[in-house]
Amino acid sequence: MAIKQITSLVNIGGAVTQTVANAFTEQTIGINLSPVDRQVFVITDVAFTSTKPSMVPGTQSTVSMQVTKTSQTALIGADSPDLISRNQKHMFGGAAEFSPLETDFGGGGQTSTGGKNDYLMILATEDAFISVVGVANTAVSAAQCRVTGYFATADASTYQALVLSELQG
């Protein structure tokens, strides 16, 4: 695989807000690649922020968010090649006390060293997608992400393989 880095690390942000509480909602994150130049985006890190799950006595509420390389209709698991990163916040409600918990796909944050052989995902099509869904929340949830990576060019066979992989998703 021949990929040549053409920029230093850059940050690209994305955000999504539900229109209805607990409904899966997705937004596009524009990456702005040049297909003529066989440009790709090598993702090295993903960071999330989001609203807190609702505090409902006797209930576990959750806010889950993910960044994927193709559009989705629901949360996907780590076994999907389309998943770039995922994070979940939980609120465990007792009779009068609440315990928060945050978990993520990468164990402490989706990061890499940013080296040429260490990355989370290589995008060859122009968009990534951020989505959010809640469980047992009394209000809409929102999530934001910061996708860190660098732009690179790929040789023809590598670029073709990456694009086909994403389109066949």
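Start with helix H1 and select Ser157, Leu167 and Gln168: these exposed residues sit on the face of H1 turned away from its buried side. The model on screen is a predicted one.

Now select Thr158, Tyr159, Leu162, Val163 and Glu166, the buried residues of H1. They fall on the same side of the helix, because the arc they cover around the axis is only 125°. To see what lies over them, show strands E1 (3-5), E4, E8 and E10, which are among the elements covering these buried residues.

For a check on the helix itself, select residues 156 and 168, the ends of H1.

Next, go to the largest nonpolar core, which has 22 residues. Select Ile29, Ile31, Phe41, Ile43, Val67 and Leu123, the residues with the most contacts inside this core. At least two core residues come from each of strands E2 (10-17), E4 (39-50), E5, E8 (121-123), E9 (127-135) and E10 (142-154). Another core, of 10 residues, lies apart from this one and includes Tyr150, Ala152, Tyr159 and Leu162.

Centre on Val67. Beyond its neighbours within four places in sequence, the contacts of Val67 include Ile29, Phe48, Leu83, Phe129 and Val147.

Finish at Lys69, in the loop between strand E5 (60-68) and strand E6 (83-93).

Terms used
Residues numbered from 1 in each chain as written. Predicted model: local features only at pLDDT ≥ 70, side-chain atom pairs only at ≥ 80, totals over all residues. Heavy atoms only, no water. Helix = DSSP H or I, 4+ residues; strand = E, 2+ residues; numbered from the N terminus. Core = buried A, V, L, I, M, F, W, Y, C linked by side-chain atoms within 4.5 Å. Buried < 20%, exposed > 50% of the residue type's maximum accessible area, 1.4 Å probe, protein only. Contact = heavy atoms within 4.5 Å. Expected span 1.5 Å × (residues − 1). Arc of directions from axis to C-beta.
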